[in-house]
Amino acid sequence: MGRVRMAAGAAVLLLTLVGCGGPSITAPKEKDIRVDTPELVALKKAAGIESCPTSQTSRGGLPDVTLKCLGGGADVDLSTLKGPLVINVWSSTCGPCRQEMPALGEFHRKYGSQVPLLGIDIEDTYPGVALKQAAKRKASYPQLFDYNGHIDKTKTLHLTGLPTFFFLHADGTVTKQAGGLESLDEVVDMVNTQLGMQLS
């Protein structure tokens, strides 16, 4: 999350300069990367990646952060999602993230109706690469896009590395675990432990 910390440091420096009578400077806007171009929409459809979830509750246990749907679709306010839910935070530049995607795709196909799985591609410059990675590894679960690392600025979804899993429980509590899994059995064991499930 180095880019996020560098940006925060620059913002502090900017405020210091302005406060000390320095020249008036307009801070640059956050980078806005389109995730719904015709090419990306086509990539998502060809990969069979499912639509992003719609609002399910007025207020769940996740932070009030709205993210774009990777490959097109309505934006998603995380705070409107309810558990049980598994969130996998990843990036296409992360080797362990790519390595565990086939097992996550398999989990989603087998157990997705019982325990939804949601991916969040974070601080990724090229959304098309992320979609191609998901397609290559048959990871058809819904994907959100968080280029600016908004979730990492929250207490609930703060990251210590990639990949990371967050678990939204039915009562709104959130737990997390480091990723790097290699098999469906490992994913099932993780979900059973974290969410108190009895998947087999």
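The disulfide between C52 and C69 is right-handed, because the torsion about its S-S bond is about 90°. The sulfur atoms of C52 and C69 lie 2.1 Å apart, where a disulfide is defined as a pair of cysteine sulfur atoms within 2.5 Å. C52 lies in the loop between α2 (38-47) and β1, whereas C69 belongs to strand β1, so the pair ties together parts that are 17 residues apart in sequence. Both C52 and C69 are buried, a term that denotes under 20% relative accessible area, with exposed meaning over 50% and partly exposed in between (1.4 Å probe, protein chains only).

The model is predicted: local features need pLDDT of at least 70, side-chain atom pairs count only at pLDDT 80 or more, and totals for chains, interfaces and linings use all residues. Residues are numbered from 1 along each chain as its sequence is written, and side-chain values use heavy atoms, with hydrogens and water left out.

The structure holds two disulfides. The other bond joins C94 to C97, with an S to S distance of 2.3 Å. The torsion about the S-S bond of C94 and C97 is about 80°, so this disulfide is right-handed as well. C94 is buried at a relative accessible area of 10%, and C97 is buried at 0%. With bonded cysteines counted along the chain, the disulfides follow the pattern 1-2, 3-4.

The fold as a whole comes next. The protein chain has five helices and seven strands; these are DSSP runs numbered from the N terminus, helices being H or I of at least four residues and strands E of at least two. From the N terminus on, the order of elements is α-α-β-β-β-α-β-α-β-β-β-α. The seven strands form an open sheet with mixed pairing, in the order β2-β1-β5-β4-β3-β6-β7; two strands pair if DSSP finds at least two bridges between them. At the edges stand β2 (76-77) and β7 (174-178), each of which pairs on one side only.

At one of them, β1 (residues 66-69) pairs with β2 in the antiparallel sense over two bridges, and L67 has V76 in β2 as its bridge partner. At the other, β6 and β7 are antiparallel and share five bridges, with F165 opposite Q177 in β7. The hairpin of β6 and β7 has five residues between the strands, and G172 in this hairpin takes a positive phi near 95°.

Helix α3 (residues 95-111) lies across β3 (85-90), β4 (117-122), β5 (143-146) and β6 (164-168), and runs at about 160° to β3. Such angles run from 0 to 180 degrees between N-to-C directions, the axes being lines fitted to C-alpha atoms, for helices over the stretch in contact. Contact here means heavy atoms within 4.5 Å.

Within β3 is N88, which counts as buried at 0% relative accessibility. Its side chain makes a polar contact of 3.0 Å with the side chain of E100. A polar contact is a pair of N or O atoms within 3.5 Å; within protein, one must be able to donate a hydrogen and the other to accept it, and residues adjacent in sequence count only if both atoms are side-chain atoms. Leaving aside neighbours within four places in sequence, the residues in contact with N88 include E100, L104, L117, Y141 and F165.

Helix α3 also contains H108, a buried residue with a relative accessible area of 9%. The side chains of H108 and E50 are joined by a polar contact of 2.9 Å. Not counting residues up to four places away in sequence, H108 touches E50, L117, S140, Y141 and P142. H108 and Y141 are 33 residues apart in sequence, yet their C-alpha atoms are 6.4 Å apart. S140 is found in the loop between α4 (127-136) and β5, and is buried with a relative accessible area of 13%. With the same exclusion of residues up to four places away, S140 touches A47, G48, I49, E50, H108 and R109.

For the chain overall, 44% of the 200 residues count as buried. Among contacts with a separation of 6 or more, 71% are between residues 24 or more positions apart. The accessible surface comes to about 10,300 Å², of which 54% belongs to carbon and sulfur atoms, as computed by the Shrake-Rupley method with a 1.4 Å probe; for residues, only the protein chains shown count as cover.
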